[in-house]
Amino acid sequence: MKKYLAAAAIALAAFVGQSFVTPTAAEAAYCTARSPYASGWGSGNLNYARRRALHECAIRTPRGYTCYITSCSY
């Protein structure tokens, strides 16, 4: 019986610890980027969302123009 209680306590501790580390959808960042000709957006962790927004904007923007991050929320 003690073996089962110990295993359950360890499983519960692992689950609680993981829930503090794993980001939820509400904690994800959302960024937008714009150029004079196009826009793009990305979501995920902040670094990924910024890079994705810039990439999405860049593939739609003519050569010689630059995309800039216009907003990020998280």
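Predicted model: local features only at pLDDT ≥ 70, side-chain atom pairs only at ≥ 80, totals over all residues.
Q: Hi! Let's start with charges: how many salt bridges does the structure hold?
A: The structure holds 2 salt bridges. In general, side chains of opposite charge can pair when their charged atoms come close.

Q: Which side chain does arginine 52 meet in a salt bridge?
A: Arginine 52 meets glutamate 56, with 2.8 Å from N to O.

Q: And where do those two lie?
A: Both glutamate 56 and arginine 52 lie in helix H2, which covers residues 46–58. They are 4 residues apart, about one turn of the helix.

Q: Is glutamate 56 buried or exposed?
A: Glutamate 56 is buried, because its relative accessible area is 15%, under the 20% cut-off.

Q: Nice. Switching to cysteines: how many disulfides turn up in a search of the whole structure?
A: The search finds 2 disulfides. A disulfide is a covalent bond between the sulfur atoms of two cysteines.

Q: Which cysteine is joined to cysteine 31?
A: Cysteine 31 is joined to cysteine 72, with 2.0 Å from S to S. The angle about the S-S bond is 115 degrees, and this link of cysteine 31 and cysteine 72 is right-handed.

Q: Why does the pair tie together parts that are 41 residues apart in sequence?
A: Because cysteine 31 lies in strand E1 (residues 29–34), while cysteine 72 lies in strand E3 (residues 68–73).

Q: Are these two cysteines buried or exposed?
A: Cysteine 31 is buried, with a relative accessible area of 0%. Cysteine 72 is partly exposed, at 29%.

Q: And the other disulfide, what is cysteine 57 bonded to?
A: Cysteine 57 forms a disulfide with cysteine 67, and their sulfur atoms are 2.2 Å apart. The pair links distant parts of the chain, 10 residues apart: cysteine 57 is in helix H2, and cysteine 67 is in the loop between H2 and E3. Both cysteine 57 and cysteine 67 are buried.

Q: Which hand does that link of cysteine 57 and cysteine 67 have?
A: The link is left-handed, with -85 degrees about the S-S bond.

Q: If I number the bonded cysteines in sequence order, what is the pairing?
A: The pairing is 1-4, 2-3.

Q: Last topic, rings! How many aromatic pairs are there?
A: A search of the whole structure finds 2 aromatic pairs. In one of them, the ring centres of tyrosine 30 and tryptophan 41 are 5.7 Å apart. The planes of these rings are at 25 degrees, so the pair is stacked.

Q: Where do tyrosine 30 and tryptophan 41 lie?
A: Tyrosine 30 lies in strand E1 and tryptophan 41 in strand E2 (residues 39–44), so the pair ties together parts 11 residues apart in sequence. Tyrosine 30 is partly exposed, at 39% relative accessible area.

Q: What kind of pair do tyrosine 37 and tyrosine 65 form?
A: Tyrosine 37 and tyrosine 65 form an edge-to-face pair, with 4.8 Å centre to centre and 70 degrees between the planes. Tyrosine 37 lies in the loop between E1 and E2, and tyrosine 65 in the loop between H2 and E3, so the pair ties together parts 28 residues apart in sequence.

Q: Why does tyrosine 37 count as exposed?
A: Because its relative accessibility is 52%, and exposed means over 50%. Tyrosine 65, at 43%, counts as partly exposed.

Definitions and conventions: Residues numbered from 1 in each chain as written. Heavy atoms only, no water. Salt bridge = Lys/Arg side-chain N within 4 Å of Asp/Glu carboxyl O. Buried < 20%, exposed > 50% of the residue type's maximum accessible area, 1.4 Å probe, protein only. Disulfide = S-S within 2.5 Å. Phe/Tyr/Trp six-rings, centres within 6.5 Å; stacked < 30°, edge-to-face > 60°.
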